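Hi there,

Here is the structure I promised to pass on to you. Please open it beside this email, and then read on for what turned up in it.

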Amino acid sequence: MNQSIKPGDNPDLTEERLSGTFDTNSMAAVIYGSDKLAQRRREISEAVSRIPELQDSKPCPFMTREEKILEGSRKSAILNRLLPGLIDLDSFEETVFIHQEVIGIEGHPLALHESLFIPPIATQGTDEQQKKWLGRAQRREIIGCYAQTELGHGSNLRALETTATFDISSQEFILNSPTITSLKWWPGALGKSANWSIVIANLIVHDKNHGPHPFMVQLRDEKSHEPLPGITVGDIGPKMAFNGADNGFLGFENYRIPRENMLMRHSKVTPDGGYIRPPHAKIGYSGMVRVRSRMAAEQGLFLAHALTIAVRYSAIRRQGYLEDRSREVKVLDYQTQQHRLFPSIARAYAFIFCGFETIRLYDQLLIDVQNGNTSGMADLHALTSGLKSVVTHQTGEGIEQARMACGGHGYSMASYISEIYGVAIGGCTYEGENMVMLLQLARYLVKSIEMIQNGKSKNLGPMVAYLAANESEIDLNLGPNEYLKVFQYAARSQAWRATEKFQKLRNSGMSKEQAWNQASVELTRASRLHTRLYIMSTFINHVGSVVDQKIKKVLIDLLNVHITYEVMDIGIYVQGLLSSDQMDLIRNQLYVSLETIRPNAVSLVDSFQISDMQLRSVLGRRDGNVYENLFKWAKSCPLNDKDVLESVTKYLKPMMDKSKL
Ligand SMILES: CCCCCCCC/C=C\CCCCCCCCC/C=C/C(=O)SCCNC(=O)CCNC(=O)[C@H](O)C(C)(C)COP(=O)(O)OP(=O)(O)OC[C@H]1O[C@@H](n2cnc3c(N)ncnc32)[C@H](O)[C@@H]1OP(=O)(O)O
Ligand SMILES: Cc1cc2nc3c(=O)[nH]c(=O)nc-3n(C[C@H](O)[C@H](O)[C@H](O)COP(=O)(O)OP(=O)(O)OC[C@H]3O[C@@H](n4cnc5c(N)ncnc54)[C@H](O)[C@@H]3O)c2cc1C
């Protein structure tokens, strides 16, 4: 049963919901990992909807940037007071969820506090440092950000220029931004809101540069909020989206902090200027791995937002005719519309399933690292590097398709899809630019193939074991596991092709760096295929583990959309494996699977259970009453406050008058 049906809803949408074959609450439990977690989301949405001061003061598209920041701060402050009665304060998921519900996706002054400021203190701070700052941060006595990227460098962390030079005589670090390009640039909440920051700076002791390390740095006076002497700080200006956040710039001039402000759980500087190395050279990068490990689920949910809007709207939008000339059809009945939307629904589910899996893997790694075992770091780095890149890219594509699927109204901010798009595609850049991260995964793939070449296949981890197989024929009776083999073939042959290209260039005498660059397009292709294979296999495993038979049936239908679409999409890589007859068969299976999923399309997006408040979309309203509300929305636009604007009285009217003879 679809739990979203209510009296007064658009009958077209009710019809869709009645045609669903499964219970949407049960599906939500599968999406969010348990009935309890899904139930908590519903309870929080319900509780928030009853608190007047948490409602939007006006639609976000009608707000200026200053109003967005003000509104985000107002709601953050109210939430801080109300949170203990609304959520489990120990639950990061509930904290993120309630902020997204109340404030939305456009960012706010505390958006990075929880995800990028607190975790480094908790994982890289010593026990004393945690005692000193963690409680203060958790109670929000201080607001923090994460300042790593600089004006001149974001991807290449080794070239960061900010320095933290140890001064033995005063037992302080002296922070400096020696050049214009060394200004910190981009950190969220830095511009106007944060008064503390984790700052990544090159640690210099006795004239030796030990590379980037994290420091706890106070930026603003805790009473006046004025920048402290030696600090230059401000907002970097409007962005493509995410304008409720104050991304900022930051410079230091001989700014001193105590030795105890370097986060010293892993690397240490002793009072006499000794340097103690961390147990793994890249342990300081683990905050980024944490965020990347959360991005697949987060992006899957961005895609889910856009699809909820587009699928619901496509069910109430009637345009053109099929057989019956007496009534126009729902645009959702067009095969092209289904082909545009349904594979993305499948991807959203796949990303979320994968995302919860990588969050679990990260949590396990964290425990291992805290116990001194860093052996899993390279694997998770490779996996999350690829996953964040593929998922953000495909999410962007899916959201843009969802916008176009809504025709003209998709282009209006009333759909809210452009904001979802703008925020989501930021993910292609932040936490590691996608090409750069694909190349990180490629290093891992090349190393794995070199192990095979050196006769060490048995040392390969489970995620890359397929690289050593030798599949060259596929059974035509294609089930999920055969599709997986097709994908393995594609990923494997591309990984070998890219590696062999790199090796050939090396053997021709080219330097390692040049050879890598000349092979890099092929290498990124290998990384994408490897990651898409991982997503597919996680999806298959996840569906296999579902117990509720009605839910399982529809998930198998969705999986069929996914695997057939994915294999069609990589046709060029499987030409040596599949005949054109086999490709035709797969193409037809895709069309059949689109038809099969059609009656459940609305129920599948309803199952994401994204409230109207969170969706902030006139087109995507749960009740489907779009047209009257679009008219209401347009009338409430501030431009319509007056019938005659100054633009007319001051310029257009005199121009027209002058033109009259
Ligand atoms: C209170 C509120 C609650 C929250 C409410 C939220 C509400 C949400 C509302 C809306 C949602 C909105 C969502 C939007 C949020 C926006 C947030 C944006 C936040 C963004 C933050 C940032 O971007 S922070 C900055 C990130 N920067 C980067 O990622 C930089 C990328 N570069 C790098 O990581 C490195 O430079 C790179 C890895 C590319 C290379 O490093 P380098 O040292 O040069 O190493 P290299 O020589 O290439 O490799 C050597 C060796 O090391 C291995 N390695 C590298 N990294 C790792 C690692 N992390 N772990 C393990 N190993 C690693 C690498 O593989 C190599 O190995 P070998 O090949 O030699 O074996
Ligand atoms: C919305 C948003 C929020 C952000 N929040 C924060 C934050 O809170 N804190 C923070 O510290 N930073 C933040 N950032 C910064 C972000 O992390 C960086 O922008 C990102 O890491 C990319 O680095 P870059 O800007 O230097 O890109 P560049 O590296 O300059 O990328 C430009 C181009 O060069 C290519 N390129 C670069 N290096 C290579 C290479 N080795 N091989 C092949 N191609 C290459 C890239 O693929 C890309 O096409 C944020 C950015 C955004 C957009």
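Let's begin with one pair of residues: T232 stands opposite G251 in β8. The strands here pair antiparallel, as β7 and strand β8 (residues 248-252) are joined in that sense over five bridges. Two strands count as paired if DSSP finds at least two bridges between them. Helices (H or I, at least four residues) and strands (E, at least two) are DSSP runs, numbered from the N terminus.

Before going further, please keep in mind that this is a predicted model, in which local features need pLDDT of at least 70 and side-chain atom pairs count only at pLDDT 80 or more, while totals for chains, interfaces and linings use all residues. Residues are numbered from 1 along each chain as its sequence is written, and chains are lettered from A and ligands numbered from 1 in the order in which they are written.

**The strands**

The open sheet has three strands in the order β4-β8-β7, with antiparallel pairing. β4 (184-185) and β7 (231-235) are at the edges with a single partner strand each, so one side of each has no neighbour in the sheet.

Another antiparallel pair is strand β5 (residues 196-205) with strand β6 (residues 208-218), joined by nine bridges. In this pair, A201 stands opposite H213 in β6. β5 and β6 form a hairpin with two residues between them, and H206 in the turn has a positive phi of about 50°.

**The helices around α8**

Two packed helices are described by the angle between their axes and the distance between the axes. Axes are lines fitted to C-alpha atoms, for helices over the stretch in contact, and angles run from 0 to 180 degrees between N-to-C directions.

Helix α6 (residues 113-124) packs on helix α8 (residues 286-316) at an angle of about 130°, with the axes 10 Å apart. α6 and α8 are therefore oblique to each other (under 35 degrees is roughly parallel, over 145 roughly antiparallel, 65 to 115 roughly perpendicular, and the rest oblique). Which residues meet there? From α6 come S115, L116, P119, P120 and T123, and from α8 come S286, G287, R290 and V291; contact requires C-beta atoms, placed from the backbone, to lie within 7 Å. By class, the contact of α6 with α8 has four nonpolar, four polar and one charged (Ala, Val, Leu, Ile, Met, Phe, Trp, Tyr, Cys and Pro count as nonpolar, Asp, Glu, Lys and Arg as charged, and the others, Gly among them, as polar).

Helix α1 (residues 11-19) also packs with α8, at about 110° and with axes 8 Å apart. That angle makes α1 roughly perpendicular to α8. D12, L13 and E16 of α1 make the contact with R312, A315 and I316 of α8.

**The ligands**

Around ligand 1 there are 35 residues, and E114, Y285, H381, Y430 and G432 come nearest; a residue is near a molecule if its C-beta atom, placed from the backbone, lies within 6 Å of it. The elements that give two or more residues to this shell are α5 (92-103), α6, α8, α10 (377-405) and α13 (434-453). The shell around ligand 1 has 16 nonpolar, 14 polar and five charged residues.

Ligand 2 is surrounded by 22 residues, the closest being Q148, T149, G154, S155 and M435. What gives the most to the shell around ligand 2? α13 does, with three residues.

Happy exploring!

How values were computed
Contact = placed C-beta atoms within 7 Å.
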